[in-house]
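I am opening a notebook on a structure that is new to me. My plan is to look up a few things and write each one down.

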Amino acid sequence: MSGSTIVPWVVGNWKMNPTRAASEQWTKEFKQLLQQTPILAEQCHLAIAPISLALSEIKHQLSGTPVNVVTQDVSRFAGTGAFTGEISADLLADYGIQYVLIGHSERRELLGDEPQVLREKLKLALKAGLTVIYCVGESLEQREQGTAEVVVLQQICDIASVVAPEHWEKQIIVAYEPIWAIGTGKTASAQDAQSMHEKIRAGLLQLTSFGAQIAILYGGSVKPENAKELAACADINGALVGGASLNAQSFYQIVEAFAQ
Ligand code: PEP
């Protein structure tokens, strides 16, 4: 427990996983865990980001629980129209999806999400009323060169021109995910993570008067084994969890660590 007044968020990023049967089993198990020991909204906010094909189905299966559903991406095109394969922020909102991940390093590195594309996506997501979980993080090379802080703060500044004060207040969550810690089993030490979160907090305070109340999540090989130590850090207000979120029991244990 950090002593911060920010209610933590624990968000599972399922990436291109799992099968339909496995996700159905997950929701069944997770609902049972919540029934045994409920997590209150004032303790911790919960969310899961399934593949877009399953958003409505998972939302339906989790209705009546505190688990929110997050889309892993959004189109940079607005409304409806001739954009094959795309899903706009407006359509997501229309289908009742209220949260979106933007800027995940896998999309930045593999799928062409350059800063300008991210700004376009973010602008439309905010306009449609979605809450954005905006991911930032440095590569191993950048950390070794000593530029991690500059890189991460630049990624925050990249979006400043499209985020209005009212968006910072209600629609932005930041996730710090050092790329070298994603899916590798290497977690940043709690001290290293806290140190970067402190710098992000200072950066946010310079950009917006709401800087003190924005949740900053840590992501990168978060597991039940390291969640408590991360949750105890003053500026770590939750976790974005990849691999460990695919197991309902592990994800629940991480939630418990942040909810205490
Ligand atoms: C992620 O991809 O957002 C992530 C943090 O993955 P993992 O927990 O598997 O490192």
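**Entry 1: the ligand and its contacts**

I started with His 104. In this predicted model, an N or O atom in the side chain of His 104 sits 2.8 Å from an oxygen atom of the ligand. I then asked how much of the ligand's own accessible area the protein covers.

Next I looked at the backbone contacts. A polar backbone atom of Gly 242 is 2.8 Å from an oxygen atom of the ligand. For Gly 243, a backbone N or O atom is also 2.8 Å from a ligand oxygen.

The ligand is surrounded by 14 residues. Lys 15, His 104, Glu 177, Gly 183 and Ser 221 are the closest. By class, I noted 8 polar, 4 nonpolar and 2 charged residues in the shell.

**Entry 2: Ser 221**

I followed Ser 221 from the ligand list. Where does Ser 221 lie? I found Ser 221 in the loop between strand E7 (216-219) and helix H10 (224-231). Its phi is positive, about 55°, although Ser 221 is not a glycine. The relative accessible area of Ser 221 is 15%, under the 20% limit, so Ser 221 counts as buried.

**Entry 3: the loop between E1 and H1**

I placed Lys 15 in the loop between E1 and H1. Its phi is near 50°, a positive value in a residue other than glycine.

I stayed in this loop for Pro 18. Pro 18 lies between strand E1 (9-13) and helix H1 (20-36). Is the peptide bond from Asn 17 to Pro 18 cis or trans? I noted cis, with omega near -25°.

**Entry 4: aromatic rings**

I picked Phe 77 and Phe 83 to look at. Their ring centres are 4.2 Å apart and their planes meet at 10°, so I logged the pair as stacked. The cut-off for stacked is under 30 degrees.

I looked up the exposure of both rings' residues. Phe 77 has a relative accessible area of 29% and is partly exposed. Phe 83, at 37%, is partly exposed too.

Which residues form one aromatic cluster? I wrote down Trp 14, Trp 26, Phe 30, Phe 251 and Tyr 252.

How values were computed:
Residues are numbered from 1 along each chain as its sequence is written. This is a predicted model: local features need pLDDT of at least 70, side-chain atom pairs count only at pLDDT 80 or more; totals for chains, interfaces and linings use all residues. Side-chain values use heavy atoms; hydrogens and water are left out. Rings of Phe, Tyr and Trp (its six-membered ring) pair if their centres lie within 6.5 Å; planes under 30 degrees apart count as stacked, over 60 as edge-to-face and the rest as tilted. Buried means under 20% relative accessible area, exposed over 50%, partly exposed in between (1.4 Å probe, protein chains only). Helices (H or I, at least four residues) and strands (E, at least two) are DSSP runs, numbered from the N terminus. A residue is near a molecule or strand if one of its heavy atoms lies within 4 Å of it. A polar contact is a pair of N or O atoms within 3.5 Å; within protein, one must be able to donate a hydrogen and the other to accept it, and residues adjacent in sequence count only if both atoms are side-chain atoms. Accessible areas come from the Shrake-Rupley method with a 1.4 Å probe; for residues, only the protein chains shown count as cover. Ala, Val, Leu, Ile, Met, Phe, Trp, Tyr, Cys and Pro count as nonpolar, Asp, Glu, Lys and Arg as charged, and the others, Gly among them, as polar.
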